[in-house]
Amino acid sequence: MNIHDDSMITVEGTKDPSRKTPLLKVFLRGLWSENPGLCQLLGMCPLLAVSTSAVSALGLGLATLLVVCLSSLIISILRRFILREVRIPLYVVLIATLVTVVRAYTEAYYPDLYSSLGIYLPLIVTNCIIMGRAEAVAGRENPLRSLLDAAGTGLGFGLVLFVLGSIREILGAGTWMAGAGTVLGSWASGLETVLYPSDYTYLVAILPPGGFFVLALLIAMKNAHAIHARNRRENRFRIDSVRD
Amino acid sequence: MEGMNPEDQDKKLAGADSAPVKAGTEAQAAAPAPLADAAKAAPSADDAKAGADAPAGGAAKAQGGPAEPAKTQAQDGAKAMEMAKSNPEDAANKPSKAGDRVSKKDAAQAKAKARETPAKPLKKEAKDDASKGPLGRKEHPFLRAIYAGLSLAVISAACCLIVLKADQATSAVIERNESEEIAKTVSKLLPKEAMENAKFQCHLVDDARVGRKMRLYTSEKEGIISGYVMTYSTNRGYAVPLVLIAGFTADKKVYKADIFISHETPGLGDKVDRNHGDFLDMMNGKGLEANWDVKKFGGDFDYITGSTVTSRAVVTATGDALSALNDINVQDLKPCRKR
């Protein structure tokens with residue numbers, strides 16, 4: 001029994017089924033406490049492969065956000081008509097359709113972004129974040145909650161991707177948002193900045209190992225923050241004289 | 001849970017006798033409470049979840065059978081209450097959820113109400129069942145399979161339609177993008193006088209020196225070829241594919257070369273491309289008579305420190321492309337296929 005389901009079954013000692021997670025928390029948990037890039041460690045392949053520059057990372061983040069929101073919304077609307085036994089093939093068909101449509105429109109209207117993302121745009125189909133949201137939330141909750149959850153998760157993934165891409169590009173190439181004008185449109189050309197000459201760059205950041213290094217640093221920082229917050233919370237209840 | 005035998009259920013109902021009247025005034029609670037107890041009795045919470053979450057009305061099954069379970073259950077509830085009335089001590093001793101708070105009078109009251117409105121709990125049950133599964137409660141495995149197949153087919157067909165529509169809507173734009181891209185590349189790689197009033201034709205080149213399915217664009221002016229643009233690939237770089245594109249003048253000298261597709265190491269191998277310098281301009285105006293290699297290997301060309309491999313790959317590949325172009329008879333080539 002799903003505790004979020006509208007049900008009259010009440011079991012003592014469990015959560016009150018009528019009390020749902022607040023909508024804001026549904027949105028925010030994907031951004032921070034259950035971030036797919038830093039906590040769930042899902043979607044690592046595109047995360048590490050596309051984050052060599054901030055612009056392509058941003059492009060893939062936006063594409064993933066779009067696909068995860070649409071797929072969660074559609075699956076949540078259709079969830080009453082989907083049998084448990086065939087839900088996985090149906091999810092796959094729906095997600096693949098969405099990705100194909102997004103790919104076609106990207107190829108038509110953002111050809112430079114399309115060529116810089118390469119294989120990773122069609123590979124969004126296999127991104128486990130989308131399947132995970134469909135399985136965990138969209139197949140059970142109402143469309144609004146599913147959409148909020150998907151938006152939070154997609155945004156969380158996109159932000160990690162963008163931060164990772166920015167750090168790697170700044171360290172490895174000495175630039176930030178290079179190529180934004182050609183990839184995202186002429187409005188973005190003002191964002192392109194050269195921070196320092198390429199002779200002084202830390203090249204390994206752009207190479208594949210650099211992706212792991214920077215991601216590991218980000219995860220370590222996230223964990224350090226979580227541990228710090230937990231310690232503070234626990235210490236609040238301690239008596240000073242007992243504290244060692 | 002589904003395989004629970006009737007006696008057991010009766011016991012459960014008897015045990016839950018006071019639960020319906022927990023609300024006291026609300027007789028319709030008579031329906032949910034035994035269900036709650038049944039759920040509690042399941043070996044684990046997960047089991048209960050499986051039973052209640054099954055989209056085909058697992059809850060209905062738990063009530064003892066698909067045929068009008070709610071009604072029979074309401075009767076059961078009433079029966080249970082009668083039992084409770086006949087031996088109230090027994091009912092009080094049962095470790096029920098809220099049993100202690102219930103008085104006999106309340107139970108009688110609830111019983112009366114339950115008799116008055118037997119349809120109410122039934123209605124609620126039915127509604128809940130409908131929300132659990134798409135097929136309602138009367139379902140057969142065969143029917144379920146057909147429904148599964150149908151839903152798959154319908155959704156797949158709809159998805160297919162959407163993909164076709166999207167493809168239709170974008171294919172023209174994609175094609176235009178591609179031809180624009182080619183025109184842009186070609187116009188950068190050929191001298192202006194070779195471009196004016198010229199007709200472009202695309203040919204496929206299959207040659208060991210340049211690779212398979214490479215493209216050769218010729219610009220023709222009144223039947224005389226005024227320039228060539230050819231793509232050519234090499235596997236001497238660090239990562240394949242490394243494909244270059246170059247414009248050649250009518251007398252088969254390099255006019256301008258560029259990188260077409262490159263996966264060379266960023267920061268090292270990409271120093272040869274036009275975003276990072278004018279290394280490729282070194283080859284401009286050179287014909288087949290030049291020594292197409294880097295100086296370290298006895299050739300005519302410089303190379304970039306830190307990207308010797310890529311520099312050499314680019315130079316030797318251009319030399320190979322030139323020699324291939326000299327051997328090629330354009331009339332023998334197949335035209336490019338339209339995508």
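At roughly what angle do the axes of helix α7 and helix α9 of chain A cross? Open the model, which is a predicted one, and start there.

**Stop one: two helices in chain A**

Select residues 143-173 of chain A for helix α7, then residues 208-235 of chain A for helix α9. Their axes come within 10 Å and cross at roughly 125°. The two helices are therefore oblique to each other. The crossing of α7(A) past α9(A) is right-handed.

Now show the side chains where they meet. On the α7(A) side, pick A:Val163, A:Leu164, A:Ile167, A:Arg168 and A:Gly172. On the α9(A) side, pick A:Gly210, A:Gly211, A:Val214, A:Leu215 and A:Leu218. Colour this contact by residue class: six are nonpolar, three polar and one charged.

**Stop two: chain B as a whole**

Switch to chain B. Display it as a cartoon and look for 11 helices and six strands. Chain B has 339 residues, and 33% of them count as buried. Consider its contacts with a separation of 6 or more: residues 24 or more positions apart account for 60% of them.

**Stop three: a hairpin in chain B**

Select residues 242-249 of chain B, strand β4, and residues 254-261 of chain B, strand β5. They run antiparallel, joined by six bridges. Zoom in on B:Phe248, which stands opposite B:Val254 in β5(B).

Which residue in the turn has a positive phi? Follow the chain from β4(B) to β5(B): four residues lie between the strands of this hairpin. Among them is B:Lys252, with a positive phi of about 60°.

Last, view the side chains along either strand. In a regular strand they alternate between the two faces of the sheet.

How values were computed: Residues numbered from 1 in each chain as written. Chains lettered and ligands numbered in written order. Predicted model: local features only at pLDDT ≥ 70, side-chain atom pairs only at ≥ 80, totals over all residues. Axes fitted to C-alpha atoms, helices over the stretch in contact; angles between N-to-C directions. Parallel < 35°, antiparallel > 145°, perpendicular 65-115°, else oblique. Left-handed = near helix turned anticlockwise from the far one by under 90°. Contact = placed C-beta atoms within 7 Å. Nonpolar A, V, L, I, M, F, W, Y, C, P; charged D, E, K, R; others polar. Pairing = 2+ DSSP bridges. Buried ≥ 20, exposed ≤ 12 C-beta atoms within 10 Å, placed from the backbone.
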